[in-house]
Amino acid sequence: TQTASDDSVVEFTLPTAYKFVKFSFYNCLPATDGEDFKMNLSTDGGSTYEAKTSSFFAANHTEADDNAAVQSESSDDLAQGTGDQTLSRNVGSAADEGCSGELTVFNPTSTTYVKHWISRSSGYGGDRNWDNFGAGYANTTTALNEIRFLYSSGNIAAGTIKMWGVK
C-alpha cells in the first residue's frame, strides 16, 4: 500500500512468481484540475517504458443531466507507444472529485508471453462522471519489474494505491 501526498509519481516494484498482479486505487486527486490518471510499465526499474497497444473507452454523464454518452477515446489509445496509458479521464481536484478503480496485469514476470492488462475506473471532474474502461498489452517477453502511477500534469495530491499478487 502506498499513500500519495503531493507526489509526482507512485511507483511499485513488481513481485516475482505471480500469475497476475492487481492494483486498486482509491480517491486519487490531482493537484491540477482536469487531469488524466495514468500508468506505465517498465522492465528496467523505470529507466525506460515498454511499448503498449491499447484500447480505451468511457461512458459519461453530466451532473445537470444535459448530456450523456458512451464513446471511444481514441486519443487515449496507444499503438506500440511507450507513453503513459490513461486509466481515468478528466479528473477534478476538488474534495468531492477524484477517481477510484482497478488495474490488473497478467503474467507480469513471464519471460515467455507479452503482458496483458485490463482496467476499470470511475472518475469525477468538470461536473461530469466518467466510467472508464481500458485494456491492452505491453509488447515485451521480458519480465516487468516496475509500474508507476501519475497524472498527465502536476502531482497526485492525495490517494491510496494497493497492490496484490495472486499465485
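In this predicted model, F12, F23, F25, F37, F149 and Y151 come together in one aromatic cluster. If you search the whole structure for aromatic pairs, you find eight. Let's look at two of them.

A pair of aromatic rings is described by the distance of the centres and the angle of the planes. Take F12 and F23 to begin with: their ring centres are 5.4 Å apart and their planes meet at 65 degrees, so this pair is edge-to-face, a label that needs an angle over 60. F12 belongs to strand β2 (residues 10-13) and F23 to strand β3 (residues 20-30), so the pair ties together parts that are 11 residues apart in sequence.

Now turn to F37 and Y151. Here the ring centres are 5.1 Å apart and the planes are at 55 degrees, so the pair is tilted. F37 sits in strand β4 (residues 35-42), while Y151 sits in strand β12 (residues 146-151), so this pair ties together parts that are 114 residues apart in sequence. Both F37 and Y151 are buried.

Next, step back and follow the whole chain. Which kinds of element does the protein have, helices or strands? There are zero helices and 13 strands, so reading along the sequence gives one β after another: β-β-β-β-β-β-β-β-β-β-β-β-β. The radius of gyration is 15 Å, close to the 15 Å that the globule rule gives for 167 residues, so the protein is as compact as a globular protein of that length. Along the principal axes, the C-alpha atoms fill a box of roughly 50 × 30 × 25 Å.

How do the parts of the chain meet? Among contacts with a separation of 6 or more, 76% involve residues 24 or more positions apart. Of the 167 residues, 44% count as buried. The protein exposes about 7600 Å², and carbon and sulfur atoms supply 47% of that area. As for charge, there are 11 positive and 21 negative side chains, and the centres of the two sets lie 12 Å apart.

You will find E50 in the loop between β4 and β5 (52-62). Its relative accessibility is 11%, so E50 counts as buried. Leaving aside residues up to four places away in sequence, E50 touches N40, L41, S42, T43, G81, T82, A138, T140 and L144.

N27, in strand β3, has a positive phi of about 50 degrees although it is not a glycine. N90, in strand β8 (residues 85-91), also has a positive phi of about 50 degrees without being a glycine. How exposed are they? N27 has a relative accessible area of 58%, so N27 is exposed. N90, at 25% relative accessibility, counts as partly exposed.

Terms used
Residues numbered from 1 in each chain as written. Predicted model: local features only at pLDDT ≥ 70, side-chain atom pairs only at ≥ 80, totals over all residues. Heavy atoms only, no water. Helix = DSSP H or I, 4+ residues; strand = E, 2+ residues; numbered from the N terminus. Rg over C-alpha atoms; globule rule 2.2 N^0.38 Å. Buried < 20%, exposed > 50% of the residue type's maximum accessible area, 1.4 Å probe, protein only. Contact = heavy atoms within 4.5 Å. Areas by Shrake-Rupley, 256 points an atom, 1.4 Å probe, with all protein chains shown as cover. Lys, Arg positive; Asp, Glu negative; His and termini not counted. Charge placed at Lys NZ, Arg CZ, Asp CG, Glu CD. Phe/Tyr/Trp six-rings, centres within 6.5 Å; stacked < 30°, edge-to-face > 60°.
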